Amino acid sequence: MKEEQAIAYWKENIGLILRYLAIWFVVSYGCGILFVDALNSIHLFGFKLGFWFAQQGSIYVFLLLLVLYARSMSALDQKYDVHE
Amino acid sequence: MSLDVLTYLFVGASFALYIGIAIWARAGSTKEFYVAGGGVNPVANGMATAADWMSAASFISLAGIVSFAGYDASGFLMGWTGGYVMLAMLLAPYLRKFGKFTVPDFIGDRYYSSTARTIAVICVIFISFTYIAGQMRGTGIVFSRFLHVDIDTGVLIGMVIVFFYAVMGGMKGITYTQVAQYCVLIFAYTVPAVFLVMNITGHILPQTGLGATVLDSVNPAWADKPVLVVLDEVVRDLGFHEYTTGTKTTIDMFFITAALMAGTAGLPHVIVRFFTVPTVKDARSSAGWALLFIAILYTAVPAVGAVGRLNLINTINGVDGQGTPYAQMPKWFKNWETSGLLAWYDHNGDGKVQYAAGSAFKGKPAFDGENRGEELKQRLVTNPSSGEFDASKQPFANEVFVDRDIMVLANPEIAALPDWVIALVAAGAVAAALSTAAGLLLVISTAISHDLLKKTLKPDIGEKQELLAARLASVAAICVAGYFGLNPPGYVAAIVALAFGLAAASFFPAILMGIFSKRMNKEGAIAGMVVGLTTTMAYIVYFKFMGGTKDQWFLGISAEGFGTVGMLLNFAVAFVVSNMTPPPPAEIQAIVEDIRIPRGAGVAQDH
């Protein structure tokens, strides 16, 4: 593989990671900790929203992120022809 | 069939299964011993990772912590799952491509330094032993409560079982036993959780039951209000802090969660699991499977905690909230009192058991031998507290001590479930403790036979000898772990905080920079690890063992959260030092380029 291609692949990978980690940060540290009090004023289905994010919601989002990341990366590997 | 017979049957059958798998999957080469030959299916690896990860702490203690700490315990839930996101995106695929056996392998090769490798080996051994002592103890507690042998005998039985399949099968045996152990432990956790939540809310799924309303049959005063709303009101009326909001400061909560996350991603026994899958792609998907299998238990935990607490309050204080006469307390209350994890002292002398804020005893209850009260036959305790309470905040003084660890173990009894469920929980708790202990033992023995002996002290030994050394190291590690299980260090919880803090402050930054920075050199990495480790160690030791007080906390960060500070220091020092020293050699930079590209992973290499 040419060097420019390797660099482009790595750049796109970093971009993907940053995007997914931004969501990861927002649901856990954001909704679950930093803004938990504000979100707690919203009540849905018997939960305070901030509390829900801290104890359940963030875990569901983490799971979704891992599935999406694995898929995006497989597509990226194909695109740059570096798949196994 | 009696409960004892059932428990022996369940635990015995599960042991037979584990040993059977160990014989079937015994290891013939170092590659099989260290990384199961690198050919494990990603789903199976995900399941094994989940069992490896979920220890006695997750199975027995976590729901209890959530139950009594409410929102404050959220850091464990987010930290111990969110770490897998970091692991899957930042570490696991690249370490798999690197294709060696151990974490010190990566540190030593990437930083072209036997000093770095040795620091890594010491960290691995320290972190893993810290962890394993708790597992052995957990096994002992389960044996003593359910099989009526003493805790020491329980620890010995656990040692023999782990010895069997860890020494024989290495990673290969451990992986396939862990798959079986996952099935046992998840079944054992969810069955009572479903029954418990159904009894209180009528919902089948614990995950949704947490938001459901309380049934009229539980307590008419609570009927048709959501569980969490009732819980908030009830605990507030008893003088506790509201369940769904926290008492910790935001910055402390933030740093604790971050330390647990980075610590999770940096724990060697978790990382090494991703060396066992065939490809880089499998490493990514395997992390997803692992988190799915972990999340099944972790999303049930908040429900078990909240509903369990409500059930406990309702059972003790009664439907009218005034307390229940001791004579009418259910059997489980007296069972756990007998085992010493629950105690009662009648502060107001009304013969009723009452539960509220405050401690009923000075510290943990000190039982007066086996002596019991003349009239009610309760166990006598010699250290009751003064029994004073603030009448404007709560209706009565707290009279009971409930050890947090009984929450999960006692749940089936509290919910009056059939005996086979109780036997199942015993088998599940043992599976959780043994699977984690085995994974840790393997990491320790590998660190000794591979990283220390083969790579550092005697590079010319052959594969047969290395395999023998690995097995001997496992035997030695089991004996040391057993010793800690029999003579547990006083502060198990504090020591576990230390393990996470050290992993967060040492391995996580060192590996991350090794992958994402081509410029990072050995001087920077070593300086970073040393600074991160020593500051974190010093801070935790000072506040956990030398009596440091809360007002001395750095920026209001507790010992549990300081691993994050250590990690940031590690990054900062490493960047400064590496910029003042020469860049790594060209062949090292080529390795870094190579691990970023998935193609050509091949099987895990010896050299």
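Student: How many of the six residues of strand E4 of chain B are buried?

Tutor: The model is a predicted one. In it, strand E4 of chain B covers residues 367-372. A residue counts as buried if 20 or more other C-beta atoms lie within 10 Å of its own. The strand lies largely in the open, because the number of its residues that are buried is zero.

Student: How is chain B divided into domains, and how far apart do the C-alpha centres of the domains lie?

Tutor: Domain 1 of chain B takes in 3-306 and 419-489, while domain 2 of chain B is 308-406. The C-alpha centres of domain 1 and domain 2 of chain B lie apart by 33 Å.

Student: Which helix gives the largest share of the side of domain 1 of chain B that touches domain 2 of chain B?

Tutor: The contact takes 22 residues from domain 1 of chain B and 16 residues from domain 2 of chain B. On the side of domain 1, helices H4 (56-69), H8 (151-201), H10 (227-237) and H14 (301-317) of chain B each supply at least two residues. The residues on this side divide into 15 nonpolar, six polar and one charged. The largest share, seven residues, comes from H4(B).

Student: Against which elements do the buried residues of H10(B) pack?

Tutor: The buried residues in H10(B) are B:Val227, B:Leu228, B:Val230, B:Leu231, B:Asp232, B:Val234 and B:Val235. After the helix comes B:Gly239, with a positive phi near 95°. The buried residues of H10(B) pack against H8 and H14 of chain B, together with a strand of chain A, E2 (47-48).

Student: Which element gives the largest share of the side of chain A that touches chain B?

Tutor: In the contact between the chains, 35 residues of chain A meet 43 residues of chain B. Helix H1 (3-34), E2 and helix H3 (49-79) of chain A each give two or more residues to the side of chain A. By class, that side has 23 nonpolar, nine polar and three charged residues. The largest share, 16 residues, comes from H3(A).

Student: Why does B:Gly428 count as buried?

Tutor: B:Gly428 lies in helix H17 of chain B, residues 419-457. Leaving aside neighbours within four places in sequence, B:Gly428 is in contact with B:Phe59, B:Val184, B:Leu185, B:Ala188 and B:Tyr189. A residue is buried if 20 or more other C-beta atoms lie within 10 Å of its own. B:Gly428 counts as buried because its C-beta neighbours inside 10 Å number 28.

Student: How many of the ten residues of helix H20 of chain B are buried?

Tutor: Helix H20 of chain B, residues 507-516, is mostly covered. Its buried residues include B:Phe507, B:Pro509, B:Leu512 and B:Ile515. Of the ten residues, the number buried is nine.

Student: In which helix of chain B is confidence highest?

Tutor: The mean pLDDT of chain B is 87, and 97% of its residues reach 70 or more. Confidence in chain B is lowest in helix H2 (residues 30-35), at a mean of 78. It is highest, at 96, in residues 562-580 of chain B, helix H22.

Conventions. Residues numbered from 1 in each chain as written. Chains lettered and ligands numbered in written order. Predicted model: local features only at pLDDT ≥ 70, side-chain atom pairs only at ≥ 80, totals over all residues. Domains from an automatic or database assignment. Contact = placed C-beta atoms within 7 Å. Helix = DSSP H or I, 4+ residues; strand = E, 2+ residues; numbered from the N terminus. Nonpolar A, V, L, I, M, F, W, Y, C, P; charged D, E, K, R; others polar. Buried ≥ 20, exposed ≤ 12 C-beta atoms within 10 Å, placed from the backbone. pLDDT = per-residue confidence, 0-100.
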